[in-house]
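Reader: Got a model here I'd like to go through. Can we start with the charged pairs?

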Amino acid sequence: MPSSYLDSPIEYLKGVGPHRGEILKKELGIFTFRDLLHHFPFRYVDRSRFYTISEMNEELPYIQLKGVVKQITPHGGKRITRLVAQFADETGSIELIWFQGIKWMRDILKVGKQYVVFGKPTLFNSRFNIVHPEIEEYTPETAKAGGVLQGVYGTTEKCKALSLDSKGILKLQKMLLSGLPSTLAESLPTSIIYSEKLMPLREAYVNIHLPANAALLQQAEQRLKFEELFLIQLRLLKSKQLRMEKTSGKRFDKIGDYFNTFYHEHLPFELTGAQKRVLKEIRHDCGSGKQMNRLLQGDVGSGKTVVALLAMLMSLDNGYQSCLMAPTEILATQHFTTITNLLQGLQVNIAFLTGSTKAAERKRILAGLQSGEINILIGTHALIEDDVQFINAGLVVIDEQHRFGVQQRASLWMKTKEPPHVLVMTATPIPRTLAMTLYGDLDVSALDEMPAGRKPVKTVHRFESQRLAVIGFMREQISLGRQIYIVYPLIEESEKLDLNNLMEGFESISRDFPLPDYRVSVVHGRMKAKDKETEMQRFKSGQTHIMVATTVIEVGVDVPNASVMIIENAERFGLSQLHQLRGRVGRGAEQSYCILITGDKKGNDARKRMKIMCDTTNGFEIAEMDLQLRGPGDLTGTQQSGILDLHIADLAKDQKILERAREVAVNILTNDANLLLPENNLLKEKLNHYERQQANFSRVS
């Protein structure tokens, strides 16, 4: 049978048809047989043994029983709303309950017959029951508890309405696999399959959906995860290779007066070892004749802005302009103020451009860029507008780059005929495995060392019942001249979440800290930009003692005098976000504190997060732990170019597979850069197919 079997429209699979096909397309993105085959189970349940009713406990996620239906009772009068069956074995009895499919179940269930039941046990009123169990008549075949490991598939309510629940999808997978060609074409070169000891593709597909045992399932997962991660790495590395080959860069040949004068006479502190290392990496890139495309990641306070400034002075020493783009006016203003203060006394012309820049000032800036009078331009997304043109841009710095879309970054990058060097920065440390996948075509630098003398923020966890002690601590800190942030996860009350909302919090704080002794600011994302800026300026200038805010202050507020960060309902935040919020304090000379407040009852996951936050202030450690707890989606926000649209691999769990996949990809491109060897034809075809589907923004990552 031809390989086109897998490209057949899903409605042609027996058991699907036009109506079910439309639902599979809309709900699960399954358009072809191949899409269904790649709709992998997200977990497996053990069907290898029978339990007795006396062995049931709440710790068992699923349980398989054999026994007899003793009684069937409909509930709800004429319009039956619930069907309950008494099910018993030699050790006891339980209730089987159905709220849906009642008519069908009444027709097939027979009192006195023996059945196999499979489902999730639930304890209600001190008695166990199973709601909507899978049930089939006990036969010699079912007695063998066949299937051993049964896949559980993701589905939706609309799919379930057409019997496309997990069990229904498993039936389709069985139908699909029964027609799978016996000589299915391989998707990886034979040399890789052999060297990595990988299961053949057809065998992997069969054992991922219908594993005969745990060992075969593990081999199938290894094969499919390796292939997925390998092809991503090959794509990213090839993209980087093409950029290095085809994209020449402005050569920074010298370190001149601007850099040296600032470094030796104006830099107010000694650079950390990490900052010096990163500057060497940047200098090497910019002097290579190839375009630099480097990601600089580092904790809040690790000194990214100074590194970026020194890189911009390198650019200026070589006769080029630079720009720095930030996602918000607050953050852009902070950069402009910091850099202007640092460069006082040096003849460097810095301009500031945002959406609110007055027309006359904007006209002056545009003219200054064209004449070369302006050396450094700092601003927001206003920098990417068409009329903002540089005469000779040598370096583009993009801060908190994940907040800009790919096309926005491309617009900035394409403003000169010869591409400038690109330095993208983030204050959210990214786990190594995530960086390798999300930014695999960039060179990655890490500022993993904090400046000397900086006091770590002391972090403590307090329960709601300890609030009076927290209020007392706040008053003590304010009496010492300090300022305080209080962050809430919501603006308004939500019926779904029992959270302290910001407006209630503001009113409560105003009662606990009354005028005229205490003054409170409030800032949230729904405020007009002008009002938000006014409130922030009041806090920065010391006119208010407390800022009640949402996570709008996560990035871009720099108040050295603020020494206390209180995070309400801290269990509702991820680790990386908690760490970012904590980074708003500890920016001055005084000891700073972060207080995590939660309800008196919290789950295991929340308990782990609070402990991690109290135990470490290392952002890279926290990012790794956050990846383990939450997965990559929440850490990165919007997925980029589909790179994180993983079908089976898990970046939190499959680090070793990813690292090996990258090694293999590097080796292949080292030995056959253009994939011209016959054994690499298949890989070249796959890359060409991907390139035809994707717009190429690889050079602006």
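**Salt bridges and a helix**

Author: E464 is partly exposed, at a relative accessible area of 33% (buried is under 20%, exposed over 50%, partly exposed in between; 1.4 Å probe, protein chains only). This is a predicted model: local features need pLDDT of at least 70, side-chain atom pairs count only at pLDDT 80 or more, and totals for chains, interfaces and linings use all residues. Residues are numbered from 1 along each chain as its sequence is written, and side-chain values use heavy atoms, leaving out hydrogens and water.

Reader: Which residue forms a salt bridge with E464?

Author: R467, with the closest N and O atoms 2.8 Å apart. A salt bridge here is a side-chain nitrogen of Lys or Arg within 4 Å of a carboxyl oxygen of Asp or Glu.

Reader: How many salt bridges by this rule?

Author: The count is 24.

Reader: What does E385 pair with?

Author: R362, at 2.6 Å between the closest N and O atoms. E385 sits in the loop between β13 and β14, R362 in helix α13, 23 residues apart. Helices (H or I, at least four residues) and strands (E, at least two) are DSSP runs, numbered from the N terminus.

Reader: R362: buried or exposed?

Author: Buried, because its relative accessibility is 16%. D387 also forms a salt bridge with R362, at 2.9 Å.

Reader: Switching to α13. Which residues are buried there?

Author: R362, I365, L366, G368 and L369. They fall within an arc of 160° seen down the axis, so they line one face of α13. The arc is taken from the directions from the helix axis to the C-beta atoms.

Reader: And what is exposed on the other side?

Author: A360 and K363.
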